[in-house]
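Subject: Structure handover

Hello,

Here is the structure I said I would pass on. My notes on it come after.

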Amino acid sequence: MSEPKPPTPTPGDNYKGWLFKWTNYIKGYQRRWFVLSNGLLSYYRSQAEMGHTCRGTINLATANIAVEDSCNFVISNGGAQTYHLKANSEIERQRWITALELAKAKAYMPPESDDSGDDCPAVPPTSGQGGGRNSEVQSTLRTLNSKVEDLTTCNDLIVKHGSALQRSLSELETIRVGGDFGEKIRQVTERATLFRITSNAMINACRDFLSLAQSHSKRWQKALQVERDQRIRLEETLEQLAKQHNHLERAFRGATVLPSSFSNSNLGNKGGSGKGDASDEDDDNEFFDAMEDPAEFITVPADPKYHRRSGSNVSGFSSETGIDDQSVNFDELSLASNSESPQPLELEPVRQRRTRIPDKPNYYLNLWSIMKNCIGKELSKIPMPVNFNEPLSMLQRLSEDLEYYELLDKAAKCQSSLEQMCYVAAFTVSSYSTTVHRTGKPFNPLLGETFELDRLKECGYRSLCEQVSHHPPAAAHHAFSEKGWSLRQEITLASKFRGKYLSIMPLGSIQCIFEKSNNHYSWKKVTTTIHNIIVGKLWIDQSGEIDVVNHKTGDRCHLKFTPYSYFSRDVPRKVTGVVTDKDGKAHYVLSGTWDEKMEFSRIMQSSKGENGTEGKQRTVYQTLKAKEIWTKNPLPEGAENMYYFSSLALTLNEPEEGVAPTDSRRRPDQRLMEDGHWDEANAEKQRLEEKQRSSRREREREAVRAASTPEEAVIEDSINDSPLKTDAVETATEANEVSEESTHQDNHQALWFEKLDDPISGETLHVYKGGYWEAKDQGNWDVCPDIF
């Protein structure tokens with residue numbers, strides 16, 4: 001039975017939601033509906049009981065709020081009532097704590113007066129700013145009232161004189177020309193003059209009223225905005241005080257972790273936890289466990305004294321904590337400035353890259369037709385249709401690791417190797433952000449296939465990939481930047497099909513070298529799992545652990561990719577990490593998700609907490625406020641119709657002049673698929689694979705010929721060149737090739753890479769030996785084989 005998702009309202013005067021309340025040792029925690037309103041916390045068995053039955057209420061004005069661990073907290077009003085509560089997660093528990101602390105703080109504040117009427121305030125003016133503002137408002141109101149009275153008087157006079165003028169005009173129309181004509185004219189003139197004077201007076205009064213209202217309206221609006229800002233700041237201050245109070249209590253009790261003896265002693269008091277608990281003993285509701293497996297470590301905010309350090313006392317060494325104040329502040333400022341530094345202005349794009357590719361056609365996948373084409377063929381010769389692919393090769397997917405190259409640019413500027421490790425670790429995580437929706441399979445590169453990514457003028461780096469082996473398939477990658485870093489990796493994929501899912505384990509290492517500091521980093525990739533292979537919607541998960549090692553300084557970052565679990569209440573795709581020096585001392589904590597963003601925080605102190613899973617003792621890190629170090633770029637508009645490609649991925653297969661003949665952009669099957677011609681792409685893909693098999697057989701013949709004696713080679717050449725060669729001899733030769741396939745290694749030599757032993761990391765991998773970019777500048781590709 002699935003539990004409904006609890007509401008997450010904004011903490012304020014009213015807050016509602018589900019919590020687990022301790023009842024007794026038999027039934028343990030039971031699910032209850034809690035309502036926080038007007039400083040009172042009440043609870044019910046269900047939402048339906050809110051109208052008629054309340055199981056208990058605590059007044060927060062006199063209550064004490066205490067935090068036990070990541071999900072548990074206690075509310076007590078001095079012994080008469082005690083509620084032991086548990087939230088679904090630490091985030092939800094923190095929301096409740098914040099709402100309760102705010103409600104408790106507001107319970108001490110007197111209610112605000114409601115002066116929404118039209119009357120003047122009855123409160124007499126007081127001294128100070130408030131009293132002066134009140135007197136000013138009253139004076140303005142008296143002036144406005146007098147102007148309104150003037151307008152009323154002028155209005156009465158206008159009505160009176162207007163009526164008299166109207167009568168005079170009527171009489172003027174009926175009078176005959178005679179002696180009384182001059183008198184009537186004089187009366188009309190006098191009354192018209194009185195009307196004009198009165199009208200002018202009214203107009204002037206209206207003008208004064210309008211001017212006064214406009215001038216004071218601006219001042220009143222400004223005063224109202226000031227009051228609103230002060231109220232918002234007051235609420236934020238109260239919330240921050242509540243959080244700081246909570247953090248101080250947690251730090252005082254050992255950073256959210258209570259000793260086992262204290263926890264057990266508290267359990268003995270939970271049986272009689274106040275009013276309303278007797279009714280819970282008869283409750284038959286189902287119990288929902290809200291606990292999670294504890295993490296390897298816990299992070300809590302550091303002591304406020306670390307935040308109050310100013311520039312006047314930066315230098316020196318703290319005898320209490322053993323932390324160098326100068327290094328703490330300078331490292332933090334350096335890391336913050338690097339994370340917000342703008343891109344250099346001299347790097348401007350020299351060409352307009354494409355932002356769209358043809359939409360993916362709604363192509364029906366007929367599994368029976370695929371199986372029918374496999375009848376009677378060898379397993380190694382069965383071509384996989386492009387229906388499962390995306391129009392990129394594995395070499396291009398490997399180049400996508402450089403989408404967030406800015407992290408390495410910032411790392412190259414770092415003075416501290418520990419700071420640099422944070423950026424390298426974030427770059428390691430960022431390479432998986434493009435895989436969250438990419439369920440399509442990339443094209444397997446042909447042996448000798450290459451792919452260049454030249455962004456030297458735009459982004460300051462160049463990248464080259466080459467398929468250096470076919471059995472097992474292996475690709476070598478080299479990238480260098482003008483900002484002072486280089487990246488190289490050799491990846492070999494191993495896969496295991498488990499029925500419902502497919503696990504892909506990348507073998508080989510990735511190395512990053514910084515020119516200025518000569519720091520040499522290496523790490524390996526985690527396992528990628530594709531779920532719902534047979535039935536359902538495909539989705540991808542990353543799981544495992546990565547150790548990023550600085551071979552020069554001994555610094556290390558241990559990253560853990562938490563696998564997704566349907567029953568877990570933790571954040572999906574979560575990644576956590578700790579940066580330590582060569583002595584094992586922790587300096588930074590990283591947290592976030594591999595598909596969205598990563599944050600880092602500086603560790604001020606660390607201590608040992610209670611035992612976690614499998615009896616391992618968890619470490620509690622007190623850290624500064626977390627800051628964002630990497631965030632994912634948004635996908636382009638319409639990405640769902642373009643294989644969920646990122647902005648960089650859309651440009652990888654864009655036709656480009658001057659690239660090598662072996663470049664992935666020149667693959668005919670991949671180009672046909674991108675254009676939507678899937679039938680032609682399938683036929684072309686089958687042709688290329690058969691051509692590759694023929695080339696491999698020829699290389700194996702040469703390897704056999706080189707290993708045999710000269711007499712055997714002459715006999716073999718005479719048999720192969722003889723026009724009388726029979727079908728039986730040809731069949732025997734092919735059988736011999738098949739038998740020798742397992743005994744003779746492929747003698748293929750990479751064109752742009754050579755296999756070396758790295759003395760720093762102690763690993764063997766293909767390293768770029770040079771010559772590619774010089775050949776491109778000269779336009780000479782004579783050394784490239786014809787693989788397409």
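This is a predicted model: local features need pLDDT of at least 70, side-chain atom pairs count only at pLDDT 80 or more; totals for chains, interfaces and linings use all residues.

Residues are numbered from 1 along each chain as its sequence is written, and side-chain values use heavy atoms, leaving out hydrogens and water.

Aromatic rings. The whole structure holds 19 aromatic pairs (rings of Phe, Tyr and Trp, the last by its six-membered ring, with centres within 6.5 Å; planes under 30 degrees apart are stacked, over 60 edge-to-face, the rest tilted). One of them is tryptophan 22 with tyrosine 29, edge-to-face at 5.4 Å centre to centre and 75° between the planes. Tryptophan 22 is buried, with a relative accessible area of 8% (buried means under 20%, exposed over 50%, partly exposed in between, with a 1.4 Å probe and protein chains only). Tyrosine 29 is buried too, at 9%. Phenylalanine 34 and tyrosine 43 are stacked, 5.3 Å centre to centre with 25° between the planes, and both are buried. Trp752, Tyr772, Trp773 and Trp781 form one aromatic cluster.

Strand S9. Strands here are DSSP runs of E, at least two residues, numbered from the N terminus. All five residues of S9 (residues 389–393) are buried, so the strand is largely enclosed by the rest of the structure. Asn389, Pro391 and Ser393 point one way, Glu390 and Leu392 the other.

Surface. Isoleucine 534 lies in the loop between strand S18 (527–531) and strand S19 (539–550), and is exposed, with a relative accessible area of 63%.

Regards

Definitions and conventions
Helices (H or I, at least four residues) and strands (E, at least two) are DSSP runs, numbered from the N terminus.
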